[in-house]
Amino acid sequence: ASSKSLHELRPLLSKAILTLVGLIGLMGVGILIAKPFILLLFGQKAAASVVPFQGLTLANIPFVVSSVAVIIIIYALKKPYIIGIISLFQVALMLIGNIILIPKFNLFGPVLTQALTNLLVLAATSTIVIYHWIKYGKRS
């Protein structure tokens with residue numbers, strides 16, 4: 001099992017969740033102000049980059065959310081190698097996804113790749129934590 005229960009990690013997880021809520025809020029603000037901000041900084045020539053920027057910012061929210069599960073996997077389960085393995089798959093999926101999706105969707109290929117990959121990371125890390133919680137939760 002683990003050396004620390006979820007109960008023992010409550011202070012750390014509370015701070016992490018509060019920080020992540022703030023970060024996601026800032027990402028939302030960034031998405032909302034992206035157009036005027038980018039146009040102010042770079043002018044009308046950069047107008048085509050606004051929507052992909054907004055999409056990539058939105059696509060990173062699942063990755064930010066998965067940070068809570070990553071904290072649990074590393075600190076409670078003491079299994080950082082799992083995060084290493086997931087990261088290797090993530091890099092491979094990003095490469096393959098970009099090779100396939102950029103020719104089909106141009107600027108939105110990376111957005112789709114990032115979104116799908118980050119959703120898979122969120123699903124994988126959450127599944128590991130839920131599995132451990134169900135299997136060992138009453139003993140931890």
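Student: Which hand does the crossing of α4 and α5 have, left-handed or right-handed?

Tutor: Good place to start. This is a predicted model, and in it α4 and α5 make a right-handed crossing.

Student: At what angle do helix α4 and helix α5 pack, and how far apart are their axes?

Tutor: Helix α4 covers residues 80-105 and helix α5 covers residues 108-136; their packing angle is about 155°, and the axes are 8 Å apart. Angles over 145 degrees count as roughly antiparallel, so α4 and α5 are roughly antiparallel to each other. Sorted by class, the residues in the contact of α4 with α5 are 15 nonpolar and nine polar, with no charged residues.

Student: Can we look at one residue there? Is Q90 buried or exposed?

Tutor: Q90 sits in helix α4. Buried means under 20% relative accessible area, and Q90 counts as buried because its relative accessibility is 15%.

Student: What does the side chain of Q90 make a polar contact with?

Tutor: Its partner is the side chain of N118, at 3.1 Å. Setting aside residues up to four places away in sequence, Q90 touches F63, T117, N118 and V121.

Student: How do α3 and α5 pack, roughly parallel or roughly antiparallel?

Tutor: Again, begin with the angle. For α3 and α5 it is about 25°, with the axes 9 Å apart. Angles under 35 degrees count as roughly parallel, and α3 and α5 are therefore roughly parallel to each other. The crossing in which α3 passes α5 is left-handed.

Student: Which residues of α3 and α5 meet?

Tutor: From α3 the list includes F63, S66, A69, V70 and I73, and from α5 it includes N118, V121, L122 and T125. By class, this contact of α3 with α5 has twelve nonpolar, four polar and no charged residues.

Student: Where does T125 lie, and is T125 buried or exposed?

Tutor: T125 lies in helix α5. With 0% relative accessibility, T125 counts as buried. Leaving out neighbours within four places in sequence, T125 is in contact with S66, A69, V70, I73, I83 and I86. A polar atom of the T125 side chain also lies 3.3 Å from the backbone oxygen of L122.

Student: Why do residues three or four places apart point the same way in an α-helix?

Tutor: An α-helix has 3.6 residues a turn, so residues at that spacing point the same way.

Student: How far apart are the C-alpha atoms of T125 and I82?

Tutor: They are separated by 8.8 Å, while the two residues are 43 residues apart along the chain.

Student: Which residues are buried in helix α2?

Tutor: Helix α2 spans residues 50-59, and V50, P52, G55, T57 and A59 are buried in it. The buried residues of α2 pack against α1 (10-42), α3 (61-76) and α5.

Student: How are α2 and α5 oriented, roughly parallel or roughly antiparallel?

Tutor: Their angle is about 5°, and their axes are 8 Å apart; α2 and α5 are therefore roughly parallel to each other. In this contact V51, P52, G55, L56 and A59 of α2 meet F108, P110, V111, Q114, A115 and N118 of α5. The class count for α2 with α5 is eight nonpolar, three polar and no charged residues.

Student: One last residue. Is L32 buried or exposed?

Tutor: L32 belongs to helix α1. Exposed means over 50% relative accessible area, so L32, at 70%, is exposed.

Key: Residues numbered from 1 in each chain as written. Predicted model: local features only at pLDDT ≥ 70, side-chain atom pairs only at ≥ 80, totals over all residues. Heavy atoms only, no water. Axes fitted to C-alpha atoms, helices over the stretch in contact; angles between N-to-C directions. Helix = DSSP H or I, 4+ residues; strand = E, 2+ residues; numbered from the N terminus. Parallel < 35°, antiparallel > 145°, perpendicular 65-115°, else oblique. Left-handed = near helix turned anticlockwise from the far one by under 90°. Nonpolar A, V, L, I, M, F, W, Y, C, P; charged D, E, K, R; others polar. Buried < 20%, exposed > 50% of the residue type's maximum accessible area, 1.4 Å probe, protein only. Polar contact = N/O pair within 3.5 Å; in protein donor to acceptor, adjacent residues only side chain to side chain. Contact = heavy atoms within 4.5 Å.
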